[in-house]
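Welcome! Please take a moment to look over the structure below, and then we will walk through it together.

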Amino acid sequence: MANKLFDKILIANRGEIACRVIKTCRKLGIKTVAVYSDADDGALHMRMADEAIHIGPPAAAESYLVIEKIIAACKQTGAQAVHPGYGFLSENRKFAAALKEAGIAFIGPNPDAIFAMGDKIESKKLAKQAGVSTVPGYLGAIGGTDEAVKIATEIGFPVMIKASAGGGGKGMRIARSADEVAQGFSSATNEAKNSFGDDRVFIEKYIEQPRHIEIQVLGDKHGNVIYLGERECSIQRRHQKVVEEAPSSFLDEKTRKAMGEQAVALAKTVNYDSAGTVEFIVGPDRSFYFLEMNTRLQVEHPVTELITGIDLVEQMIRVAANETLSIKQEDMKLDGWAVEVRIYAEDPLRGFLPSTGRLARWRTAEESNVIRNDTGVVEGSEISMFYDPMISKLCSYGKDRAEAIATLSAALDETWIAGIGHNVNFLSAVLDHPRFRSGNISTNFIAEEWPNGYGGTVLPEDRQNSALAIATLIHIRNELRARHLGGKLGLPDWVPGEAWIATLNKQDHALTVTDADGGLDAKIGKGKALKVRSAWKPGEPFFRGTVNGAPVVARVSARPDGVRIVHGGAELDVAVRTPRAAELARLMPEKLPPDMSKYLLCPMPGLVVSIAVAEGEPVKAGQALAVVEAMKMENVLRAERDGTVKKVNAKKGDSLAVDQVILEFA
Ligand code: ADP
């Protein structure tokens with residue numbers, strides 16, 4: 001029997017969002033068609049779908065963004081509707097119109113709503129008319145630098161210069177003085193022209209210590225629109241979301257209702273008929289201002305689903321099939337708390353540069369009623385340079401904020417990614433940060449807490465002590481096993497109950513260890529005994545157990561003389577030795593790492609675009625030395641200190657590996 005919604009849906013996207021849409025289609029008994037580029041041949045979304053159509057070369061402009069190819073794939077497979085996911089063609093009015101023309105349903109809003117909300121200047125004007133509070137500013141394109149300075153002075157500093165066609169944080173500058181406006185105006189204009197082919201910029205008030213809070217709306221084709229609470233996305237890096245949660249720890253019922261009603265009013269003015277998001281910036285006094293409306297499913301939609309129990313993709317499909325919304329505003333209840341972290345293939349220790357390559361390992365906490373893992377890759381998948389380097393959206397649910405954060409933090413401890421750079425340790429550091437836990441956050445959180453970038457996580461003393469005790473248990477079990485396998489030959493002469501020295505970052509910690517049922521009790525110095533219990537066996541990649549009764553998960557691997565332990569975002573190399581062995585180890589000459597400060601190294605695999613200096617040239621700290629392109633982004637490498645170039649080892653057009661020497665300094 002034919003499905004009363006659709007028999008077959010094509011998903012014009014890839015990665016996690018394509019997989020996520022396919023899951024709901026399956027639940028609804030709808031067949032699915034995936035599309036894939038050469039780079040995605042064999043990808044998870046392609047394998048999950050009932051059918052898959054090849055649509056061309058890796059570059060999105062030649063595959064996922066080609067409207068005719070998507071429509072041809074629908075015709076070939078008989079798909080009656082298309083879900084666009086986010087990004088790609090999701091907010092492309094021409095695409096929505098072309099589908100309509102071809103008699104294929106677009107699982108998204110009507111083309112006019114996409115158009116009306118597609119431009120920041122135009123959508124702000126509409127919002128203002130609909131009675132939505134907007135950021136004070138000048139709602140028009142600005143002709144030149146003088147005009148920009150004049151307008152900024154009228155608005156009052158600080159101001160934000162923004163590209164009207166903007167997205168993804170591009171073409172955006174904060175200016176705190178007339179000089180900065182002049183500078184910001186020309187760079188924002190250039191960036192807007194290069195990124196969007198549209199150089200219109202406008203100026204608005206910059207809200208200090210802002211929080212980003214957005215309202216999820218849902219409409220149908222019969223004039224009904226409701227709001228499904230808010231999401232807070234204040235944890236951002238360069239205006240890009242990193243951690244999201246629902247609800248927001250900042251809103252009271254009154255503000256929530258006011259924001260929700262304004263979002264619905266705006267949606268109604270454009271006859272909004274799908275899932276959409278109205279973004280607001282919220283000041284420290286809870287004054288809120290409309291930023292923009294996203295006319296698609298949002299990356300961070302899972303946190304809303306977790307606290308409302310509503311499947312947003314299902315609702316999008318139902319309203320696209322002309323159904324009337326069955327959920328009423330008064331039925332909406334927000335229950336509990338959900339948090340999402342975006343796991344990216346990027347290297348936080350190198351300024352978050354994107355990382356590419358094969359995911360040699362990809363494991364995380366198992367999905368359950370409190371853990372959700374939206375991913376589009378499996379162990380062995382390739383993270384290519386062609387698309388967004390997202391590995392997963394890992395989400396947790398709890399009865400309150402503290403519980404949701406603790407669950408997600410523990411899930412990150414169970415996450416193991418290898419083969420490429422990733423931000424898991426950084427995400428752990430954010431979730432464990434006392435300021436994040438307090439809820440006192442703003443969009444400046446990351447910049448304020450890591451002003452010099454992220455350089456690794458240092459655990460608080462109690463957690464570090466637990467890690468040392470765990471390392472000791474692991475080391476003893478490894479040794480016991482080695483002794484069992486190899487007899488006593490060459491092994492240290494020890495019995496449990498003796499003293500041990502755990503060395504971390506060249507610091508010795510004396511442990512007194514006593515054997516206990518299922519583990520050991522370890523006293524560090526004069527501290528209280530830590531009771532470590534675990535069924536961990538040599539060779540297992542994860543330690544799962546308890547320390548003084550509290551559950552702990554850590555990734556562990558054996559190292560010569562000790563254990564590497566990854567926990568709470570910290571990577572600890574702990575040497576565990578008998579006091580005698582530790583004494584001898586102290587006598588060993590220290591192997592110093594080579595001094596690399598005299599070299600400019602390539603921070604990621606990439607292509608040399610230009611070298612800005614010549615041999616013998618003196619350079620100043622901060623001066624641009626070279627430009628390297630990776631993942632279609634140009635990265636300017638700068639001098640860390642004053643010096644003189646001794647040798648240039650690379651030239652324009654060279655393709656360099658990570659850590660390859662570009663320049664040598666005298
Ligand atoms: P994009 O479409 O490029 O993502 P948005 O307008 O949605 O741009 O803004 C992205 C982020 O920039 C916001 O989440 C917020 O952190 C910051 N931002 C934008 N406008 C303002 C403003 N007027 N004051 C303070 N912060 C702002």
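A handy word to start with is "buried": a residue is buried when its relative accessible area is under 20%, exposed when that area is over 50%, and partly exposed in between, using a 1.4 Å probe and protein chains only. What you see is a predicted model, where local features need pLDDT of at least 70, side-chain atom pairs count only at pLDDT 80 or more, and totals for chains, interfaces and linings use all residues. Residues are numbered from 1 along each chain as its sequence is written, and side-chain values use heavy atoms, with hydrogens and water left out.

Let us begin with the whole protein. It contains 17 helices and 39 strands; here helices (H or I, at least four residues) and strands (E, at least two) are DSSP runs, numbered from the N terminus. The radius of gyration is 28 Å, close to the 26 Å that the globule rule gives for 666 residues, so the protein is as compact as a globular protein of that length. That radius is taken over C-alpha atoms, and the globule rule is 2.2 Å times the number of residues to the power 0.38. Along the principal axes, the C-alpha atoms fill a box of roughly 80 × 70 × 50 Å.

How much of the protein is buried? Buried residues make up 54% of the 666 residues. Among contacts with a separation of 6 or more, 63% come from residues 24 or more positions apart.

Now to the sheets. Strands of a sheet pair through backbone hydrogen bonds, either parallel or antiparallel. Follow strand β2 (residues 31-36) and you will find it pairing with β3 in the parallel sense over 4 bridges; Tyr 36 stands opposite His 54 in β3.

For antiparallel pairing, turn to strand β39. Strand β32 (residues 599-601) is joined to β39 by 3 bridges, and the two run antiparallel. Here Leu 601 has Val 661 of β39 as its bridge partner. Strand β37 (residues 643-648) is also antiparallel to β39, again with 3 bridges, and Lys 647 stands opposite Glu 664 in β39. Because 4 of the 5 residues of β39 (residues 661-665) are buried, this strand is largely enclosed by the rest of the structure.

Next come the helices. In helix α5 (residues 111-118), the buried residues are Pro 111, Ala 113, Ile 114, Ala 116 and Met 117. Their cover includes α4 (93-101), β5 (105-106), α6 (120-129), α9 (253-269) and β14 (288-294). Helix α6 holds Lys 120. Is Lys 120 buried or exposed? Its relative accessibility is 8%, so Lys 120 counts as buried. Not counting residues up to four places away in sequence, Lys 120 touches Ala 163, Ser 164, Gly 166, Gly 167, Phe 202 and Glu 292.

Another lysine worth a visit is Lys 162, in strand β7 (residues 159-163). With a relative accessibility of 4%, Lys 162 counts as buried. Leaving aside neighbours within four places in sequence, its contacts include Lys 124, Arg 200, Glu 204 and Leu 291. In helix α11 (residues 312-320) sits Met 316, which counts as buried at 2% relative accessibility. Beyond its neighbours within four places in sequence, Met 316 is in contact with residues including His 83, Ile 107 and Leu 297.

Finally, look at a few details of the backbone. A cis peptide bond, with omega about -5°, joins Phe 157 and Pro 158; Pro 158 is found in the loop between α7 (145-155) and β7. The bond from Ala 246 to Pro 247 is cis too, with omega near -5°, and Pro 247 lies in the loop between β12 (240-246) and α9.

Arg 238 is not a glycine, yet it has a positive phi of about 50°. Arg 238 is in the loop between β11 (225-237) and β12, and its relative accessible area of 64% makes it exposed. Phe 352 also has a positive phi, near 65°, and lies in the loop between β16 (346-347) and β17 (353-354). With a relative accessible area of 11%, Phe 352 is buried.

Key:
Two strands pair if DSSP finds at least two bridges between them. Contact means heavy atoms within 4.5 Å.
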